[in-house]
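Here is a friendly walk through one protein model, meant to be read with the structure open beside you. Take a moment to turn it around before reading on.

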Amino acid sequence: MVEQQGASGDAVTTRIGQAIMLLHGGDREEARNRFSALWEQLGQDGDPLHRCTLAHYLADTQDDPGDELAWDLRALAAADALGRERPDAAVAARGFYPSLHLNLAADYLKLHRPEAARAHLDRARAASAALGDDGYGDGVRAAIDRLDRRLSDL
């Protein structure tokens with residue numbers, strides 16, 4: 001049974017990766033369709049790591065800022081669940097929070113809610129201590145700084 005779940009998880013991860021490639025290649029609609037189909041397949045009880053990843057990328061495929069916010073909030077809820085439901089993944093979950101809160105801050109800014117944007121940006125900055133000193137961590141910290149400047153200019 002464990003091997004079967006592992007193989008199933010690997011298949012989901014592969015399918016997520018394929019949809020991410022479509023998204024990064026510019027095919028947002030097909031990526032959204034594939035992410036949505038995976039979301040429906042996983043359901044609310046699916047692996048929180050998969051739910052977090054899917055919701056995070058589904059947010060990036062949305063045209064409406066309100067829909068983007070809804071998906072980013074789902075990603076945050078799934079990250080919270082990941083830390084609770086899978087203690088083995090708690091460290092990985094901490095690494096998600098800077099980006100998740102940064103995305104939420106950007107969403108709220110798009111929706112002309114600067115106070116909520118500032119609150120999530122502050123959470124992103126506080127959580128950024130969990131990031132490594134690598135390209136990803138440097139990129140997230142730089143994005144936090146850029147959004148901070150944009151908020152300061154309001």
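## Helix 4 against helix 5

In this predicted model, helix 4 and helix 5 pack with their axes 9 Å apart, at an angle of about 160°. An angle over 145 degrees counts as roughly antiparallel, and the two helices are therefore roughly antiparallel to each other. The crossing of helix 4 past helix 5 is left-handed.

## Helix 3 against helix 5

Helix 5 also packs with helix 3, here at an angle of about 35° and with the axes 12 Å apart. Helix 3 passes helix 5 in a crossing that is left-handed. From helix 3, the residues Leu 49, Cys 52 and His 56 meet Phe 96, Ser 99, Leu 100 and Asn 103 of helix 5.

## The nonpolar core

Which residues touch the most other members of the largest nonpolar core? They are Ile 16, Phe 35, Leu 54, Leu 102 and Leu 121, out of 40 residues in that core. The elements that give two or more residues to this core are helix 1 (2-24), helix 2 (28-42), helix 3 (48-60), helix 4 (65-85), helix 5 (90-110), helix 6 (114-127) and helix 7 (135-152). Helix 5 gives the most, with 7 residues.

Leu 54 is a handy place to start exploring. Leaving aside residues up to four places away in sequence, Leu 54 touches Ile 16, Phe 35, Leu 38, Trp 39 and Leu 42. Two of these contacts, Ile 16 and Phe 35, are themselves among the core residues that touch the most other members.

## Helix 6 against helix 7

Now move on to helix 6 and helix 7, which pack at an angle of about 150° with their axes 11 Å apart. These helices are therefore roughly antiparallel to each other, and helix 6 passes helix 7 in a left-handed crossing.

On the helix 6 side, Pro 114, Ala 117, Arg 118, Leu 121, Ala 124 and Arg 125 take part in the contact. They meet Ile 144, Asp 145, Leu 147, Asp 148, Leu 151 and Ser 152 in helix 7. Leu 121 is also one of the core residues named above.

## A salt-bridge network

Side chains of opposite charge can pair when their charged atoms come close. The structure holds 11 salt bridges, and a network of them links Arg 118, Asp 122, Arg 125, Asp 145 and Asp 148. Arg 118 has two partners to look at here. With Asp 148, the closest N and O atoms are 2.7 Å apart; this pair links distant parts of the chain, since Arg 118 is in helix 6 and Asp 148 is in helix 7, 30 residues apart. With Asp 122, the closest N and O atoms are 3.7 Å apart, and both residues lie in helix 6, 4 residues apart, about one turn of the helix.

Asp 145 and Arg 125 also meet in a salt bridge, at 3.0 Å from N to O. Asp 145 lies in helix 7 and Arg 125 in helix 6, so the pair ties together parts that are 20 residues apart in sequence. Are these side chains fully buried, or partly exposed? Asp 145 is partly exposed, with a relative accessible area of 33%, and Arg 125 is partly exposed at 35%. Arg 118 is partly exposed at 27%, as is Asp 122 at 41%.

## Two exposed residues

His 112 sits in the loop between helix 5 and helix 6. His 112 has a positive phi of about 60°, although it is not a glycine, and at 70% relative accessibility it counts as exposed.

Ala 126 lies in helix 6 and is exposed, with a relative accessible area of 60%. Its C-alpha atom is 7.8 Å from that of Pro 98, a residue 28 residues apart from Ala 126 along the chain.

Key: Residues numbered from 1 in each chain as written. Predicted model: local features only at pLDDT ≥ 70, side-chain atom pairs only at ≥ 80, totals over all residues. Heavy atoms only, no water. Core = buried A, V, L, I, M, F, W, Y, C linked by side-chain atoms within 4.5 Å. Buried < 20%, exposed > 50% of the residue type's maximum accessible area, 1.4 Å probe, protein only. Contact = heavy atoms within 4.5 Å. Salt bridge = Lys/Arg side-chain N within 4 Å of Asp/Glu carboxyl O. Axes fitted to C-alpha atoms, helices over the stretch in contact; angles between N-to-C directions. Parallel < 35°, antiparallel > 145°, perpendicular 65-115°, else oblique. Left-handed = near helix turned anticlockwise from the far one by under 90°.
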